[in-house]
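Let's take a walk through this one together, starting with the ground rules and then moving from one chain to the other. Keep the 3D view open as you read.

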Amino acid sequence: MKRVRKDSASKAAHQAAPKRQSRRDVLIKTGGLLAAGAFGAVPLRGWAADPVNIGALYPTTGSMAQIGVGCVAAAKLAVDMVNEAGGIKSLGGAKLNLIISDVQSDTTVTRTETDRLITGNKLSAIHGCYASALTLIASEVAERAKVPLITGSSSDQLNKGRTYTFTPFARASQFARAQLQMSKLVSDTPKVAVIFENTAFGTSTSNGLKELAPSEGVEIVMFEPYSAGFTDASPLINKVKSSGANALFSVSYLNDLILIVRTVKQFGLNVSINGGSGGFVIPDFYKNVGKLADGLQGVAHWNHDVSDDAQKVNAEFKKRTGEFLFEYAGGLIAQTFMLADALERAGSADPQKVREALSTLDVSSGFAAMAPGGKVKIGPDGKNIYGHPVGVQWQNGDLASVFPKEDARAPLMKT
Amino acid sequence: MWETVAQAVINGLLIGGIYALVSIGVTLIFGVVKIVNFAQGEFVMIGMYISFFLANQFGIDPLLSLFVSMPVLFVVGVLIQHFLIRRVLGPNDMPQIFLTFALSLLLLNLALMLFTANYRTVHTSYSDEALHVGGLYIPVAKLIAFVVAMALSGALWVFLHTTDLGKAMRAAAQNRDVAMLMGINPDRVFCVALGIALALAGAAGSLLMPFYSAYPFVGQVFVLMAFVAVVLGTLGNVIGALVASLMMGVAESLGIQYVGADSGLIVVFAMLLLTLAFKPSGLGGGRAR
């Protein structure tokens, strides 16, 4: 029984967006014409560079709205930054024009919205959709329409059989390995208890951990699915306690994770907890769990302390929204600058040329290079060949990068 | 070994206390008014949000907000009985089923619209504390919830057995027509029954708040357990629902410990099916008390 709220107000807002744009278009063009007339000369072409349309697909209503809304705020900030810095110079200072579409946390809606966005607008590229399940659909549609799509979604499937999808950040398979390696920060002989919700997400993530554990020298002492949305975590934690684990990996959504963390504390259990990524690395997690969250570890494809540029963007985002720039939103700002870099080199708004330019993307400075390791180079399968996740830890309400050594910005807090 | 078992039993009893508050409400409504209230879980949700907002806006401890959530939901119960349920009582069950089901959907989606799907938690000084007895851990917030839940159940039992209104309620539960012939006003009795049942749901919400998150779907988690407890403990039997709730809590907890963490409910439902196979009227016997 899944019920998704349909927010008619926001739907109306994004339907109105192209209209508003065309009015601005008219103003710019007539303004340019008047100015040109005043100087008695009409330039041959591009008296005001046409804006470059970038599609943004995010769930701003429905169950994933919480993170989707943050993504849209970041996407707007990124576009403002590019435009204020003079737009795309090789296109006569063309401004980026963001066209936002709500995919309503729903795969069917994602398919139709992506289609509608592409056929209704002349797009140069698309970014989206935060949730892998939605991005997989959007990337299929974009592939067929031959519009490049750039995404921070981690599913490895996004790199299979696609030539228009670009993933500049760490892949899901790398997350599991990083999590296992992090358990060795706490103990030389990690005994890990893996508990996961019995859903597709929980099962696939935990199986990845199980497969990689032997090669990383990590012993898994408990491997237990549980029913998502339980009323009480005590029996489960009782079981973790009797397993003798010194580290706990929990593949859970927010509500279950909050119960698990509280119960571990109540039981006085001395285990380090790694909550993975997603809902675990957003400001809301700390707001809900409070001081108990301090010391908890996770993994992310981006963190606001990866570089000085990232810190700068983080400060600006904080000013706008009051929250720190979270994983996906931060990566999204870097993606926008990657698109700007590609447009600059392509010297064209044609999606085909933008795709070519994205496939040879190679940056190691500036906002486009805001990624763990500070380098982005797209390989033949659309992946960043330097892409890797960063291990993070909650420290006094902030997320600090603690792993691997070269990305660590703070020492691991012992709990 | 014994410690693990004892811990599992304690965990089960503590959560069973909360199941009991929800299921007693359902069984009371069924016993007296003879309708199944599918929206009972949503009233738990409302109780939670009342406590959340009082704690968030005025810093009132969720346990104290019991004194707000219970009266508020009592009044809501009376109003719902008077303006909605009273009008569909009749020989046909369908309108009643649709009414409470629609109420559930309405409240759930209203909550989604007003409060969004976000999880809300309240921190209290005792939220994360636990008593250590021998090698066992007893979370303080759950212990308080359990004790208050048992006290409320006890108070209800005393009310039903010693006051005139309580006796009238039991009389109406046993045989509505005869009760009416004895001069009992069914409308008044039904209003009070609904009020009490919803107040108990509100109490469950307030008691949950120190250790569980509030979100629009939260009621559905508890109402499922409540329905099982109501059937297991014989429909309409308050003591039966109480005992069945505690048993289910323990069965679920032991199931998680010894069968698998995703099998807690399997044990609970196996228990239900076995009971129904051998004692179709439920553990409480065939007689409503």
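A word on naming before we set off: helices (H or I, at least four residues) and strands (E, at least two) are DSSP runs, numbered from the N terminus. What you're looking at is a predicted model, where local features need pLDDT of at least 70, side-chain atom pairs count only at pLDDT 80 or more, and totals for chains, interfaces and linings use all residues. Residues are numbered from 1 along each chain as its sequence is written, while chains are lettered from A and ligands numbered from 1 in the order in which they are written.

How does the model score? It gets ipTM 0.75 and pTM 0.74.

In the loop between α4 and β4 (149–150) of chain A you'll find A:K146, whose phi is near 60 degrees, a positive value in a residue other than glycine. Further along, A:P404 is found in the segment after β14 (398–403) of chain A; the peptide bond from A:F403 to A:P404 is cis, with omega near -10 degrees.

Next, a pair of helices. Helix α5 (residues 172–186) of chain A packs against helix α6 (residues 200–212) of chain A at an angle of about 60 degrees, their axes 9 Å apart. (Axes are lines fitted to C-alpha atoms, for helices over the stretch in contact, and angles run from 0 to 180 degrees between N-to-C directions.) That angle makes α5(A) oblique to α6(A), since under 35 degrees counts as roughly parallel, over 145 as roughly antiparallel, 65 to 115 as roughly perpendicular and the rest as oblique. Which residues meet here? A:S173, A:A176, A:R177, A:Q179 and A:L180 in α5(A) meet A:G208, A:L209 and A:L212 in α6(A), with contact meaning that C-beta atoms, placed from the backbone, lie within 7 Å.

Over in chain B, strand β1 (residues 130–133) pairs with β2(B) in the antiparallel sense over four bridges. B:V133 stands opposite B:L136 in β2(B). The two strands, β1(B) and β2(B), form a hairpin with two residues between them, and B:G134 in the turn has a positive phi of about 60 degrees.

Finally, where do the chains touch? The contact takes 31 residues from chain B and 30 residues from chain A. On chain B's side, the elements giving two or more residues are α1 (2–33), α4 (94–115), β2 (136–139), α9 (218–232), α10 (238–258) and α11 (264–278) of chain B. α1(B) gives the most to that side, with five residues.

Conventions:
Two residues are in contact if their C-beta atoms, placed from the backbone, lie within 7 Å. Two strands pair if DSSP finds at least two bridges between them.
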